[in-house]
Amino acid sequence: MKVNDVTTYEEDGRVAVVTVDSPPVNALSNAVRQGIAAAVEKAMADDAVGAVVLICEGRTFFAGADITEFGKPQVEPSLRNLQKIVENATKPIVAAIHGTALGGGLELALVAHYRVAVPSAKCGLPEVKLGLLPGAGGTQRLPRVVGVQKALEMVTSGNPISAREALSMGLLDALAEEGGLRAAAVAFANKVLDEGLPLLKVRDRTEKLEEARANPGIFDEFRKANARQFRGFLAPEYNIRCIETAVSDLPFEDALVRERALFDELMKDSQSAAQRHVFFAERQAAKVDDISADTPTLPIAKVGVIGAGTMGGGIAMNFLNVGIPVTIVETAQAGLDRGLGIIRSNYETTAKKGRLKPEDVETRMGLLTGSLDLGDLADCDLVIEAVFEQIDVKTDVFARLDAVAKPGAILATNTSYLDVDEIAAATKRPESVLGLHFFSPANVMKLLEIVRTKDTAPEVVATAVKLSKTIGKIGVTVGNGFGFVGNRILAARNTQADALILEGATPQDVDRVLYDFGFPMGHFQMRDLVGLDVGWDRNKTSSSTVREILNEMGRHGQKSKAGYYDYDENRKQTPSPVAAKVIEDFAVRQGIARRAVSDDEIRDRILYAMVNEGARILDEGIAARSSDVDIVWITGYGWPRYRGGPMFWADLEGPAKVLETLNALRAAHGDDFTPSPLIERLAAEGKAFKDA
Ligand code: T1G
C-alpha cells in the first residue's frame, strides 16, 4: 500500500518492507522523511509484524539530506526526529543498502539495528565537501563502528568506502547477492526474529572508542598530517572536533547537541554556501541551455590524437583509462617513441603507487597504437589535435585531417586560446569541429573547456558533453574567443601581476596574497612551474617584457632552477636578487617610479580584474552562466572551493561594492578597470551575477 507519494508499505510474512522511491537519488526530502516515519509507526502498531526492512528503489539508498531544502523552513519530522523513531523502535529495523548510502542516508542507516548491503554499495559521509559535517549523529556513531582513525579519514575526506570494507569494519552486518538485496534483507530480519537477536543501538557501542581515549594525541597528529590539504577550510576542523567529542566523556545526547551546534555554525558560513554552490554548479555546467538533454549523441568507439607531446599523451590517457582505443600520430619516430614511453611510464608510476593493477597497465597500453601516418586516423570517431600552438600549423593539420577522417568524425582542437572558427574554416566540415581544451596535466586536471564555434552542430556539442563525463572531466561548454573563459581571466590576472611587480610589489608579495586568499600557489610560482618559455619564441624575443628578459637570460622557471624565483635541487624556491634587479631595471627603463604596494591593493587589483573579465565574458555570451565561470576557475586554476569561484565571490562582495571598487581602481590605475556593462546593470538593479 502507498503511505505517501514516495513511500510504500507491504508485508512479507512477518516483515514489513518499507520502500522509498524518490528519484533521482532518494534524498531525504520532507516527503521521504514523512513517509518513513508513518510506515515505521504503522509497523510498530501492527501485531502481525515482527521486523522492518527499509529499502529504496532506483539507483541508490538515501544519498543524504535533500540539499535543495537547505535554508527552507524545517518540516517535521526532521531527520533527527525520524532517527529517534527508528532508533527507539520496539521491533528490529534492517536497512537494506545499494548504490551510495551517503550523509544523512548513512546516518539513518546507523540508527537502524542492522545494515545489509550489496557488494557494489558504498557508504560515506561527504558533508565536508559541502562545507558541512554530518549533522544527524554521524560524527558520534561512525567512530563507534569503524573506529576513530577511520572515522576521521572518512568525515574529513568525504570519500565513501566499499561495502566489503564497511562489512569488515562492522559498519555493515551482512552482504547480499547483487540483485538479491530485498530477499536477503527480509531473510536477515527473519533471522533476527528466529534467533531473538538484540535490538542493537550503535550509540551504546563504545569499544572502538577506547583506543583513541588511550591516545588523545591522535587528533593533533591527524591535523598536522593533513594541514596542507585542510588549509583555509573550516569544515574539516569542525569534523575533527566532533569526533573528539565522541571520544570525550560527554553524554551521547549532549554530544549530539554539540555536533548540531557546530553543524549550524558551518551552515551559516559563506564557506558552506560556496561549496553547496559548487556542487550544483558542477552539475549545471553539463547542461547547455540551447541543446536539449535528449539531443542524439555520436558513438565514440575510437579516438585519434595528433601530437604525442605532453598534452597529446595526457589526452590519450583519458580515453585509454576508460577502455577507448587511441591511435596517436606524430611526425617523427623519435617523438612518437618518446610520447609512447611517457604514457607507459605514467601508468607504471601509478601502478607502483598501488593505484593501478600491473595488468591494467598492459590493458591500457594494448589499446594504444602509435603511427606516423595521418591516414591511420581514417576510422576514428573523434580526432583531437594537440600540435604546436600556432594558427598556421593548426589550420594546415586540420585541412589534411579533413581529407582523411571519415564522414561524420568529430575534429577537435586542444588549442588554449586560438580562434576555433578559423581552424574550422580550414575544413569542409565546420559543423563537426569544436575545441576540447584540456588542462595540463591533461590526464589529471578535471576541467575540460568545450569550445563551440558558430557552426558546431548540437549533436557534436552534446557528444562532447557526454564524453567529458565518460572520461571523468568537468565539461564546461563555452563560446569561441581569445582564451575562451579560463585563460582570458588568467590574462587579466597576468596584466595586473606584471604591473604590480614593476610598481613596487615583489613576486613573493603577489604570491603571498594569492596563497593567503586560498590559491594552492601564487601567480609567479605557477608561471615558473609551467615554464616561462611556454609561448616564448627565441627567434623573435626582444626584451620587451620582464618575462622575455628572464627567458633571454636562460631563466625559464623551475625547470632551469631559475625564473622569477631561484630554486634549489629540491625545487624549493627563494626570492631571486637577479630577478629583482631585472624587474627594477625594467621599471626604470619604463619610467615607472617604484613605491610601496599594500597587500590590499594587490588583492583588489588582481581579484577585481578577474571578476571584471568574467563579467565581460558573460556579457559577450562566451559563458552561459556565472556559475560556469566559477567552475572553470575552481577546477582549472585552483580558485579555492570554499570561496565558490570568482563570480560567487563577487556576489558575496555585493554588486554595489564591485562597481564602486572598479571605479576607484580605474581612477587610480587606468581603463583596464573600466567596469563591464553587466556590472553596471547589476549594480543599478541591485542584482547578483547569479541572477544575471
Ligand atoms: N539532495 C538533492 N539533490 C541531490 C542530492 C542531494 N543530497 N544528491 C544529488 N542530487 C541531485 C543532483 O543535483 C542531480 O540533479 C541528480 O541528483 C543526480 O546527481 C544531515 C546535512 C549521490 C553520488 O552530499 O554525491 O546529508 O542535475 O549528477 O553522478 O548530515 O549526487 O539531475 O537535476 O551527482 O550519479 C549529503 C551528494 C547531503 C551526496 C550520485 N549527501 N550527491 O552521483 O548523479 S548533506 C551528499 C552525490 C547531509 C546530513 C547532511 C551524487 C551521488 P539533476 P549526480 P551521480
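Leaving aside its neighbours within four places in sequence, Arg429 is in contact with Asp402, Ala405, Lys406, Pro407, Gly408, Ala409 and Leu411, where contact means heavy atoms within 4.5 Å. This is a predicted model, in which local features need pLDDT of at least 70 and side-chain atom pairs count only at pLDDT 80 or more, while totals for chains, interfaces and linings use all residues. Residues are numbered from 1 along each chain as its sequence is written, and side-chain values use heavy atoms, with hydrogens and water left out.

Arg429 itself sits in the loop between helix 18 (420–424) and strand 16 (433–438); helices (H or I, at least four residues) and strands (E, at least two) are DSSP runs, numbered from the N terminus. Arg429 counts as buried because its relative accessibility is 9%, given that buried means under 20% relative accessible area, exposed over 50% and partly exposed in between, with a 1.4 Å probe and protein chains only. The side chain of Arg429 also reaches the backbone oxygen of Lys406, at 2.8 Å.

Lys2, by comparison, belongs to strand 1 (residues 2–4), and with a relative accessibility of 54% Lys2 counts as exposed. When its neighbours within four places in sequence are left aside, Lys2 is in contact with Thr7 and Thr8, and the side chain of Lys2 reaches the backbone oxygen of Asp5 at 3.3 Å. Between the C-alpha atoms of Lys2 and Val18, which are 16 residues apart along the chain, the separation is 9.8 Å.

The cysteines can be considered next. A disulfide is a pair of cysteine sulfur atoms within 2.5 Å, and by this rule the count comes to zero disulfides. The sulfur of Cys56 has its closest cysteine sulfur in Cys123, and because the two are 13 Å apart, they are too far for a bond. Cys56 counts as buried, at 7% relative accessibility, and Cys123 likewise counts as buried, at 1% relative accessibility.

The peptide bond from Pro23 to Pro24 is cis, with omega near 5°, and Pro24 lies in the loop between strand 3 (15–20) and helix 1 (30–45). The peptide bond from Glu76 to Pro77 is also cis, with omega near -5°, and Pro77 is found in the loop between strand 4 (51–56) and helix 2 (79–87).

Positive phi values in residues other than glycine are a further point to follow. Phe484 has phi near 50°, a positive value in a residue other than glycine, and Phe484 lies in the loop between strand 18 (474–479) and helix 20 (486–503), where Phe484 is buried, with a relative accessible area of 0%. Arg571 has phi near 65°, again a positive value in a residue other than glycine; Arg571 is placed in the loop between strand 19 (565–567) and strand 20 (573–575), and at 48% relative accessibility Arg571 counts as partly exposed.

The last stop is on the surface, where Leu529, Val530 and Val534 form a nonpolar patch with about 270 Å² of accessible area together. Val534 lies in the loop between helix 22 (523–530) and helix 23 (546–552). Patches are made of residues with over 30% relative accessible area and no salt bridge, with like charges joined within 9 Å and nonpolar side chains (Val, Leu, Ile, Met, Phe, Trp, Tyr) within 5 Å.

Technical notes. Accessible areas come from the Shrake-Rupley method with a 1.4 Å probe; for residues, only the protein chains shown count as cover. A salt bridge is a side-chain nitrogen of Lys or Arg within 4 Å of a carboxyl oxygen of Asp or Glu. A polar contact is a pair of N or O atoms within 3.5 Å; within protein, one must be able to donate a hydrogen and the other to accept it, and residues adjacent in sequence count only if both atoms are side-chain atoms.
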